[in-house]
Amino acid sequence: MLIVDATKTRSGSRFFTVPVVTLIALTFLLGLSEFIVVGVMQPIASDMRVSLAAIGSLVSAFALVYAPMTPIGAAVSAKFNRFHALMAMTGIFLAGNVLCAFALNYPMLLVGRIVIATVSGPLVAVPMTFAPDLVGASDRPRFMSWIFSGISIAAVFGVPIGTFIAQQFGWRWSFHLINLLTVLVIISMLRCLPRTSYMTGATRFLPQFRLFTDVRVWCGMLAVVFGAAATYSFYTYLSPILTEEIGVPERYLSLALTAIGLAALWSNLYSGKLAARGTGSHPIIGLIPLYLLQAVCLAVLPFASIIPALGAVDLLALACLMYLQNSPSQVLHTAIAAERFPSSMTLASSMNAMAFNIGITLGSTISGLAMTHLGLRWLGLFGAVLALGSVGVLVLLKRAESRDITRWTTLFLNR
């Protein structure tokens, strides 16, 4: 089998090598599997003879399993050779999608979705640990942003792809496509990824969670939680906002969603450049002005129905801010792990994915309650408050760095 010379890859001028593209393709399939259900809800409901609400629970069940299993799965996988762990979890991911494709009833489909959610978070974290072997130090933030972008690309194209395939061939073929592509990615990983383990020795399970004794980790996580919650306070109901508040005709809705999706994709890619502006906590602290801008844009959103053009520009601006925190957050957590908790590197790589999914749950829950009691128009105000939460947490992080609170906290917890 062909094994990539890691040194040659790091020193080479090309960024999009076969191993890098393979790992991006893997995260694309993770996102495609997560989001494709939204595009095939109606066909699945008709075929399974269940309500749309029941199919909608597939999405919420996925998120509920995804969030806690991300750090647990990452910590468990760190006990093994990372290549073997990556291959094993990809095999489980494939098995879950095969179960969905051949599901005979709703419970079987639900089990398949839970299986997929169990490994999806760690399957984002483990590829991050390959960065030192595949790219140079200056390209690592870019590598992180592209790993996340695989999921963003799927978010943009997953729903229309799933809808088209379901209309042409039936909803099961949406999962057959994912299965076929997953097999191709597995073959590519077998041929091109380095076999070396990130850690030099076996990693115990519980000691990895010492990472959480660093106050900076909590600040970074909470910033992502509030930022994601602010985003999903409006994004959860993006389609009705576009049609009812801004007045986008139904026939142009998919075009509007694609434009917003492309803006969100740019956001993910640009986060890599933001992450390259310093080390440790500096990149994420630098997001304070952008979180303030997000709060302003969300506060303006209730006026979208009064000035539709302003509302359209406002939504595009919010989409451009959606994922800017991803790579700076990743830089913070991996830097803390590298500095003080080397055995927690894989766990650190999972922090952003876990925090983001907690934020999605928080934001969608708050927006659901706000919509029920106050109406669609006022969702932006709640999102603005959540965005200010990110600002507050990062101000605390900045003070913690300047006063060296992290060292005091560690000494206290170690007593």
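A polar contact is a pair of N or O atoms within 3.5 Å; within protein, one atom must be able to donate a hydrogen and the other to accept it, and residues adjacent in sequence count only if both atoms are side-chain atoms. Keep that in mind for serine 267, whose side chain reaches the backbone nitrogen of tyrosine 323 at 2.7 Å.

Before going further, a word on the model: it is predicted, with local features needing pLDDT of at least 70, side-chain atom pairs counting only at pLDDT 80 or more, and totals for chains, interfaces and linings using all residues. Residues are numbered from 1 along each chain as its sequence is written, and side-chain values use heavy atoms, with hydrogens and water left out.

**The whole protein**

The secondary structure comes to 20 helices and zero strands. Here helices (H or I, at least four residues) and strands (E, at least two) are DSSP runs, numbered from the N terminus. Of the 415 residues, 54% count as buried; buried means under 20% relative accessible area, exposed over 50%, and partly exposed in between, with a 1.4 Å probe and protein chains only. The accessible surface is about 17600 Å², and 69% of this belongs to carbon and sulfur atoms. Such areas come from the Shrake-Rupley method with a 1.4 Å probe, and for residues only the protein chains shown count as cover. Among contacts (heavy atoms within 4.5 Å) with a separation of 6 or more, 82% join residues 24 or more positions apart.

**Around serine 267**

Serine 267 lies in helix H12 (residues 253–275). With a relative accessible area of 0%, serine 267 is buried. Leaving aside residues up to four places away in sequence, serine 267 touches Ala319, Cys320, Leu321, Met322, Tyr323 and Leu324.

**Salt bridges**

How many salt bridges does a search of the whole structure find? There are four, a salt bridge being a side-chain nitrogen of Lys or Arg within 4 Å of a carboxyl oxygen of Asp or Glu. The table includes three of them.

| Aspartate 133 | Arginine 82 | 2.6 Å |

Glutamate 245 is buried, with a relative accessible area of 14%, whereas arginine 377 counts as partly exposed at 36%.

**Two helices to look at**

In helix H3 (residues 41–48), Ile44, Ala45 and Met48 are buried. Seen down the axis of H3, its buried residues fall within an arc of 100°, so they line one face of the helix. That arc is taken from the directions from the helix axis to the C-beta atoms. An α-helix has 3.6 residues a turn, so residues three or four places apart point the same way. After H3 comes arginine 49, whose phi is positive, near 60°.

Helix H10 (residues 215–235) has 21 residues, which should span 30 Å at 1.5 Å a residue, and its end C-alpha atoms are 30 Å apart, in agreement. The expected span is 1.5 Å times one less than the number of residues. In H10, 16 of the 21 residues are buried, so this helix is largely enclosed by the rest of the structure.
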